[in-house]
Amino acid sequence: MASFTTTTAAAASRLLPSSSSSISRLSLSSSSSSSSSLKCLRSSPLVSHLFLRQRGGSAYVTKTRFSTKCYASDPAQLKNAREDIKELLQSKFCHPIMVRLGWHDAGTYNKDIKEWPQRGGANGSLSFDVELRHGANAGLVNALKLLQPIKDKYSGVTYADLFQLASATAIEEAGGPTIPMKYGRVDATGPEQCPEEGRLPDAGPPSPAQHLRDVFYRMGLDDKDIVALSGAHTLGRSRPERSGWGKPETKYTKDGPGAPGGQSWTAEWLKFDNSYFKDIKEKRDADLLVLPTDAALFEDPSFKVYAEKYAADQEAFFKDYAEAHAKLSNQGAKFDPAEGITLNGTPAGAAPEKFVAAKYSSNKRSELSDSMKEKIRAEYEGFGGSPNKPLPTNYFLNIMIVIGVLAVLSYLAGN
């Protein structure tokens, strides 16, 4: 991930960005006269679900008889969209470009800008043609084309959530770690809210290590995050006609899957593991790509600590990568609800319900059934007792027990 600009689609034929005469957002949605600040519609109690299309975004409204809840995305539709994304990945082998799409939408974040959406981050602005035309986003129109049918099917999911959902799902489906994601991101509403070009990393800057720090520190990430995220280059290929880097094809890419060609960082470029770090460290295969920003991971002293660790310990890499991916995906985004939602439909920050014993017990004594009373009476009388008097005490047996205990104690004391 040293460069957001080079991981390319494993599938789908190359499609050029649309011309300036095309619509600015690659979608079938139309503008609404509703105010963009409108978040909920009050409707009849008989209406259970209502989808309100706003200017450049969508708002999901759940209506019950007593209350109205509004989210940027519909939790149920997010779940269904994830299943459709899994099917897309299995048929198109597009894991790498989906990861890249999520990163490029999120990677424009500037922590020094407080206002949203000017600060960038995952806000769906990459769905607008003006940002899609940025040089670093070459080829990402293919990802939009692949995802648009899913977006059309699930209009209650924002572009911002869809991009991040596709990215995290691609990592997991390729054998990587489960990303602790949350959803509910709000979309940018127009092309005027797209960030300026130049916020994403370059693959071959004069000072690779410093360039990585300049870009990722701006996003509030640290050296560990930089190296961990770079490990996602275990997926994908670089195509020279798009990025200017890599070979037209290698022994690992000439037969696909998906559209053949390009140069990969690893031999198994659709499998998420720690081979990226191993291969860069060894540098034994001329058919595997090593960019200047990749090599910097083993040349810079601070980066090298983590790169060596991940080359030796895949579990450590998976743990740190999952945390860094979620951080990149969340920072700068605007969530509705503010704490975000998980795919089980609950607020991401919701605390578990506190245990209250009174909810599971009662102060009232339950009465025994007549049959149980009869059974207890029979067992009690079998030992010589009766309902009106206690069991007789066997004094002789008690005395013998006491004598036996005293004898044992005397013997032990004497020895």
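This section describes a helix, a surface patch and several salt bridges in a predicted model.

Helix H1 covers residues 75-92. At 1.5 Å a residue, its 18 residues should span 26 Å. The end C-alpha atoms lie 25 Å apart, which agrees. Several residues of H1 are buried: Pro-75, Gln-77, Leu-78, Ala-81, Asp-84, Ile-85, Leu-88 and Leu-89. Seen down the helix axis, these buried residues fall within an arc of 160°, so they line one face of H1. The face turned away from the buried side carries Glu-87 and Gln-90, which are exposed.

Both ends of H1 show local detail. At the start, a side-chain oxygen of Asp-74 comes to within 3.0 Å of the backbone nitrogen of Ala-76. After the helix comes Phe-93, with a positive phi near 55°. The loop between strand S3 (68-71) and H1 contains Ser-73. Ser-73 has 0% relative accessibility and therefore counts as buried. A polar atom of the Ser-73 side chain lies 3.1 Å from the backbone nitrogen of Thr-158.

Side chains of opposite charge can pair when their charged atoms come close. The model has 13 salt bridges. One of them joins the side chains of Glu-83 and Lys-86, at 3.5 Å from N to O. Both residues lie in H1, three residues apart, or about one turn of the helix. Glu-83 has a relative accessible area of 37%, so this residue is partly exposed. Lys-86 is also partly exposed, at 23% relative accessibility.

Other salt bridges connect separate helices. Arg-213 and Asp-223 meet through their side chains at 3.1 Å, N to O. Arg-213 is in helix H6 (residues 208-218) and Asp-223 is in helix H7 (residues 223-230), 10 residues apart. Both Arg-213 and Asp-223 are buried. Together with Asp-300, they are linked in a network of salt bridges.

Lys-281 forms a salt bridge with Glu-308, and the closest N and O atoms are 2.8 Å apart. Lys-281 lies in helix H9 (residues 275-282) and Glu-308 in helix H11 (residues 301-312), so the pair ties together parts 27 residues apart in sequence. Lys-281 is partly exposed, at 46% relative accessibility. Glu-308 is partly exposed too, at 26%.

The surface also carries a nonpolar patch of about 890 Å². Leu-397, Ile-401, Val-402, Val-405, Leu-406, Val-408, Leu-409, Tyr-411 and Leu-412 make up this patch. Val-405 is found in helix H14 (residues 395-414). Its relative accessible area is 46%, so Val-405 is partly exposed.

Definitions and conventions:
Residues are numbered from 1 along each chain as its sequence is written. This is a predicted model: local features need pLDDT of at least 70, side-chain atom pairs count only at pLDDT 80 or more; totals for chains, interfaces and linings use all residues. Side-chain values use heavy atoms; hydrogens and water are left out. Helices (H or I, at least four residues) and strands (E, at least two) are DSSP runs, numbered from the N terminus. The expected span of a helix is 1.5 Å times one less than its number of residues. Buried means under 20% relative accessible area, exposed over 50%, partly exposed in between (1.4 Å probe, protein chains only). The arc is that of the directions from the helix axis to the C-beta atoms. A polar contact is a pair of N or O atoms within 3.5 Å; within protein, one must be able to donate a hydrogen and the other to accept it, and residues adjacent in sequence count only if both atoms are side-chain atoms. Patches are made of residues with over 30% relative accessible area and no salt bridge: like charges are joined within 9 Å, nonpolar side chains (Val, Leu, Ile, Met, Phe, Trp, Tyr) within 5 Å. Accessible areas come from the Shrake-Rupley method with a 1.4 Å probe; for residues, only the protein chains shown count as cover. A salt bridge is a side-chain nitrogen of Lys or Arg within 4 Å of a carboxyl oxygen of Asp or Glu.
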